[in-house]
Amino acid sequence: MSDKNVKEIGDLIKIISKLPGLGPKSAKRIVLKLINNREELIKPLAKNLAQVYKNIIRCNNCGNLKSTNSNCVCSSKQHDQICVVENIADMWAIESTGIYKGHYHILGGTLPSYENKSLENGLLIDSLINRVKKDSVKEVILATSASVEGETTSHYISDSLKNLNVKITRLAKGVPVGGEIEFLDDGTLFSAFKNRKTVTTD
Ligand SMILES: [Zn+2]
(Lines give C-alpha, C1' and ligand atoms only; values in the text may rest on other atoms or scores of the structure.)
Protein backbone atom coordinates (compact mmCIF):
# COMPACT_ATOMS: atom_id res chain seq x y z
CA MET A 1 0.00 0.00 0.00
CA SER A 2 1.39 3.37 -0.87
CA ASP A 3 -0.33 6.26 0.82
CA LYS A 4 1.13 8.60 -1.77
CA ASN A 5 -0.67 6.98 -4.68
CA VAL A 6 -4.11 6.82 -3.15
CA LYS A 7 -5.34 10.23 -2.11
CA GLU A 8 -8.06 8.97 0.25
CA ILE A 9 -5.54 6.92 2.19
CA GLY A 10 -2.99 9.72 2.34
CA ASP A 11 -5.64 12.14 3.61
CA LEU A 12 -6.78 9.72 6.31
CA ILE A 13 -3.22 9.15 7.49
CA LYS A 14 -2.73 12.91 7.72
CA ILE A 15 -5.84 13.37 9.86
CA ILE A 16 -5.10 10.46 12.16
CA SER A 17 -1.51 11.57 12.72
CA LYS A 18 -2.91 14.79 14.23
CA LEU A 19 -4.44 12.84 17.12
CA PRO A 20 -2.66 13.06 20.49
CA GLY A 21 0.12 10.53 20.93
CA LEU A 22 0.17 9.50 17.27
CA GLY A 23 2.72 10.25 14.59
CA PRO A 24 2.77 9.34 10.89
CA LYS A 25 4.06 5.82 11.58
CA SER A 26 1.37 4.82 14.03
CA ALA A 27 -1.23 6.60 11.89
CA LYS A 28 -0.24 4.36 8.99
CA ARG A 29 -0.59 1.27 11.14
CA ILE A 30 -4.04 2.38 12.25
CA VAL A 31 -5.18 3.10 8.71
CA LEU A 32 -3.95 -0.27 7.53
CA LYS A 33 -5.83 -1.98 10.36
CA LEU A 34 -8.97 -0.06 9.41
CA ILE A 35 -8.73 -0.91 5.74
CA ASN A 36 -8.25 -4.57 6.50
CA ASN A 37 -11.38 -4.53 8.67
CA ARG A 38 -13.88 -2.62 6.60
CA GLU A 39 -17.04 -4.07 8.10
CA GLU A 40 -15.89 -4.46 11.71
CA LEU A 41 -14.06 -1.15 12.04
CA ILE A 42 -14.53 1.37 9.23
CA LYS A 43 -18.29 1.08 9.03
CA PRO A 44 -19.10 1.45 12.76
CA LEU A 45 -16.39 4.09 13.17
CA ALA A 46 -17.76 6.21 10.35
CA LYS A 47 -21.25 5.87 11.78
CA ASN A 48 -20.11 6.76 15.28
CA LEU A 49 -18.12 9.76 14.17
CA ALA A 50 -21.08 11.06 12.20
CA GLN A 51 -23.31 10.70 15.28
CA VAL A 52 -20.81 12.44 17.55
CA TYR A 53 -20.40 15.24 15.01
CA LYS A 54 -24.14 15.68 14.73
CA ASN A 55 -25.29 15.17 18.33
CA ILE A 56 -22.54 16.08 20.78
CA ILE A 57 -22.36 19.67 21.92
CA ARG A 58 -21.01 21.59 24.87
CA CYS A 59 -23.61 22.43 27.52
CA ASN A 60 -23.65 26.20 27.98
CA ASN A 61 -24.70 25.83 31.61
CA CYS A 62 -21.94 23.55 32.96
CA GLY A 63 -19.50 23.21 30.07
CA ASN A 64 -19.75 19.43 29.96
CA LEU A 65 -20.32 17.50 26.78
CA LYS A 66 -23.91 16.48 26.21
CA SER A 67 -26.01 14.79 23.60
CA THR A 68 -28.67 16.85 21.87
CA ASN A 69 -30.93 13.81 22.42
CA SER A 70 -30.86 13.99 26.21
CA ASN A 71 -30.69 16.41 29.11
CA CYS A 72 -27.32 17.39 30.47
CA VAL A 73 -26.20 15.82 33.75
CA CYS A 74 -26.27 19.33 35.31
CA SER A 75 -30.05 19.52 35.00
CA SER A 76 -30.52 16.38 37.09
CA LYS A 77 -31.38 16.65 40.79
CA GLN A 78 -29.98 19.04 43.36
CA HIS A 79 -26.32 18.89 44.16
CA ASP A 80 -24.38 20.23 47.13
CA GLN A 81 -20.93 20.42 45.58
CA ILE A 82 -19.55 21.71 42.30
CA CYS A 83 -15.95 21.06 41.31
CA VAL A 84 -14.62 23.75 38.96
CA VAL A 85 -12.05 22.61 36.39
CA GLU A 86 -10.44 24.17 33.33
CA ASN A 87 -11.24 21.46 30.83
CA ILE A 88 -12.77 18.06 30.31
CA ALA A 89 -9.47 16.20 30.56
CA ASP A 90 -9.07 17.62 34.08
CA MET A 91 -12.53 16.40 35.01
CA TRP A 92 -11.72 12.93 33.74
CA ALA A 93 -8.48 12.93 35.75
CA ILE A 94 -10.37 13.75 38.96
CA GLU A 95 -13.08 11.21 38.18
CA SER A 96 -10.48 8.50 37.75
CA THR A 97 -9.19 9.02 41.31
CA GLY A 98 -12.66 8.09 42.59
CA ILE A 99 -12.49 10.66 45.39
CA TYR A 100 -15.30 12.87 44.14
CA LYS A 101 -18.73 11.89 42.90
CA GLY A 102 -20.35 15.31 42.68
CA HIS A 103 -21.04 17.66 39.84
CA TYR A 104 -18.50 19.52 37.72
CA HIS A 105 -18.27 22.90 36.09
CA ILE A 106 -15.94 23.11 33.10
CA LEU A 107 -14.74 26.66 32.52
CA GLY A 108 -13.25 26.08 29.10
CA GLY A 109 -9.90 27.71 29.91
CA THR A 110 -8.37 30.27 32.26
CA LEU A 111 -8.29 34.02 32.65
CA PRO A 112 -5.06 35.44 31.26
CA SER A 113 -4.90 38.21 33.83
CA TYR A 114 -6.97 39.73 36.59
CA GLU A 115 -6.94 43.18 35.02
CA ASN A 116 -8.27 42.01 31.72
CA LYS A 117 -11.53 40.49 32.81
CA SER A 118 -13.15 41.20 29.48
CA LEU A 119 -11.22 38.14 28.40
CA GLU A 120 -13.47 36.00 30.52
CA ASN A 121 -15.58 35.96 27.38
CA GLY A 122 -16.19 32.37 26.52
CA LEU A 123 -15.32 31.17 30.02
CA LEU A 124 -18.37 29.85 31.83
CA ILE A 125 -18.07 32.05 34.92
CA ASP A 126 -21.48 33.74 34.87
CA SER A 127 -23.20 30.40 34.49
CA LEU A 128 -21.22 29.10 37.49
CA ILE A 129 -22.55 31.98 39.60
CA ASN A 130 -26.07 31.21 38.39
CA ARG A 131 -25.73 27.55 39.22
CA VAL A 132 -24.51 28.31 42.74
CA LYS A 133 -27.51 30.59 43.29
CA LYS A 134 -30.14 28.45 41.63
CA ASP A 135 -29.12 25.04 42.95
CA SER A 136 -28.28 26.19 46.52
CA VAL A 137 -24.79 24.74 46.22
CA LYS A 138 -22.96 24.39 49.55
CA GLU A 139 -19.38 23.99 48.38
CA VAL A 140 -17.47 25.11 45.30
CA ILE A 141 -14.19 23.23 44.89
CA LEU A 142 -11.66 25.13 42.78
CA ALA A 143 -9.53 22.63 40.88
CA THR A 144 -7.82 24.91 38.40
CA SER A 145 -4.13 24.27 37.70
CA ALA A 146 -1.33 25.63 39.89
CA SER A 147 -0.14 27.94 37.09
CA VAL A 148 -0.33 31.76 37.25
CA GLU A 149 -3.44 31.69 35.03
CA GLY A 150 -5.02 28.93 37.09
CA GLU A 151 -4.44 30.88 40.34
CA THR A 152 -5.74 34.11 38.77
CA THR A 153 -8.87 32.35 37.61
CA SER A 154 -9.35 30.77 41.01
CA HIS A 155 -9.04 34.18 42.77
CA TYR A 156 -11.43 35.77 40.37
CA ILE A 157 -14.04 33.08 40.91
CA SER A 158 -13.75 33.19 44.71
CA ASP A 159 -14.19 36.98 44.52
CA SER A 160 -17.25 36.59 42.33
CA LEU A 161 -18.80 34.09 44.74
CA LYS A 162 -17.89 35.71 48.04
CA ASN A 163 -21.33 37.17 48.80
CA LEU A 164 -23.22 34.03 47.98
CA ASN A 165 -22.95 32.16 51.26
CA VAL A 166 -21.16 29.20 49.72
CA LYS A 167 -18.05 27.48 51.05
CA ILE A 168 -15.14 27.83 48.61
CA THR A 169 -12.25 25.39 48.72
CA ARG A 170 -9.07 25.03 46.70
CA LEU A 171 -7.01 21.90 46.07
CA ALA A 172 -4.15 21.54 48.56
CA LYS A 173 -0.70 22.72 47.62
CA GLY A 174 0.44 19.20 46.89
CA VAL A 175 -0.12 20.18 43.28
CA PRO A 176 3.30 21.18 41.93
CA VAL A 177 3.65 24.76 40.69
CA GLY A 178 2.53 24.96 37.10
CA GLY A 179 0.99 21.54 37.56
CA GLU A 180 -1.86 20.84 35.23
CA ILE A 181 -4.51 18.67 36.82
CA GLU A 182 -4.75 16.39 33.80
CA PHE A 183 -1.13 15.25 34.10
CA LEU A 184 -0.99 14.62 37.85
CA ASP A 185 -0.77 11.07 39.05
CA ASP A 186 -3.83 9.69 40.83
CA GLY A 187 -2.15 9.65 44.24
CA THR A 188 -1.11 13.32 44.15
CA LEU A 189 -4.49 14.37 42.88
CA PHE A 190 -6.31 12.26 45.44
CA SER A 191 -4.47 13.81 48.37
CA ALA A 192 -4.67 17.37 46.94
CA PHE A 193 -8.41 16.89 46.69
CA LYS A 194 -8.81 15.28 50.09
CA ASN A 195 -6.76 17.97 51.83
CA ARG A 196 -8.41 20.88 50.07
CA LYS A 197 -8.37 24.16 51.96
CA THR A 198 -11.09 26.68 52.53
CA VAL A 199 -10.48 29.88 50.58
CA THR A 200 -10.94 33.06 52.57
CA THR A 201 -11.83 36.25 50.79
CA ASP A 202 -11.76 39.71 52.28
ZN1 LIG B 1 -24.75 20.93 31.67
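Trainee: What should I know about the model and its numbering before I start?

Mentor: Residues are numbered from 1 along each chain as its sequence is written, and side-chain values use heavy atoms, with hydrogens and water left out. The model is predicted, so local features need pLDDT of at least 70 and side-chain atom pairs count only at pLDDT 80 or more, while totals for chains, interfaces and linings use all residues.

Trainee: How many helices and strands does the chain have?

Mentor: Helices (H or I, at least four residues) and strands (E, at least two) are DSSP runs, numbered from the N terminus. This chain has seven helices and seven strands. Starting at the N terminus, the elements run α-α-α-β-β-β-α-β-α-β-α-β-α-β.

Trainee: Which residues of helix α1 are buried?

Mentor: Buried means under 20% relative accessible area, exposed over 50%, and partly exposed in between (1.4 Å probe, protein chains only). In α1 (residues 7–16), the buried ones are Ile9, Gly10, Ile13 and Ile16. Looking down the axis of α1, its buried residues fall within an arc of 135°, so they line one face of the helix. That arc is taken from the directions from the helix axis to the C-beta atoms. Lys7, Glu8, Lys14 and Ile15 are exposed on the other side of α1. Across the chain, buried residues make up 39% of the 202 residues.

Trainee: What do the buried residues of α1 pack against?

Mentor: They pack against α2. Contact here means heavy atoms within 4.5 Å.

Trainee: And how do I describe two helices that pack together?

Mentor: Two packed helices are described by the angle between their axes and the distance between the axes.

Trainee: Which residues of α2 and α3 meet?

Mentor: Lys33, Leu34 and Ile35 in α2 meet Arg38, Leu41, Ile42 and Leu45 in α3. By class, this contact has five nonpolar, no polar and two charged residues. Nonpolar covers Ala, Val, Leu, Ile, Met, Phe, Trp, Tyr, Cys and Pro; charged covers Asp, Glu, Lys and Arg; the others, Gly among them, are polar.

Trainee: How many salt bridges are there?

Mentor: A salt bridge is a side-chain nitrogen of Lys or Arg within 4 Å of a carboxyl oxygen of Asp or Glu. The count comes to six. One of them joins Asp80 and Lys138, with the closest N and O atoms 3.5 Å apart. Asp80 lies in the loop between β2 (65–67) and β3 (81–85) and Lys138 in the loop between α5 (126–134) and β5 (139–142), so the pair ties together parts 58 residues apart in sequence.

Trainee: Is Lys138 buried or exposed?

Mentor: Lys138 is exposed, at 52% relative accessibility, and Asp80 is partly exposed, at 45%.

Trainee: What about Arg196 and Glu139?

Mentor: They form a salt bridge too, with the closest N and O atoms 2.7 Å apart. Arg196 sits in the loop between α7 (186–194) and β7 (197–198) and Glu139 in strand β5, 57 residues apart. Glu139 is buried, with a relative accessible area of 9%, whereas Arg196 is partly exposed at 25%.
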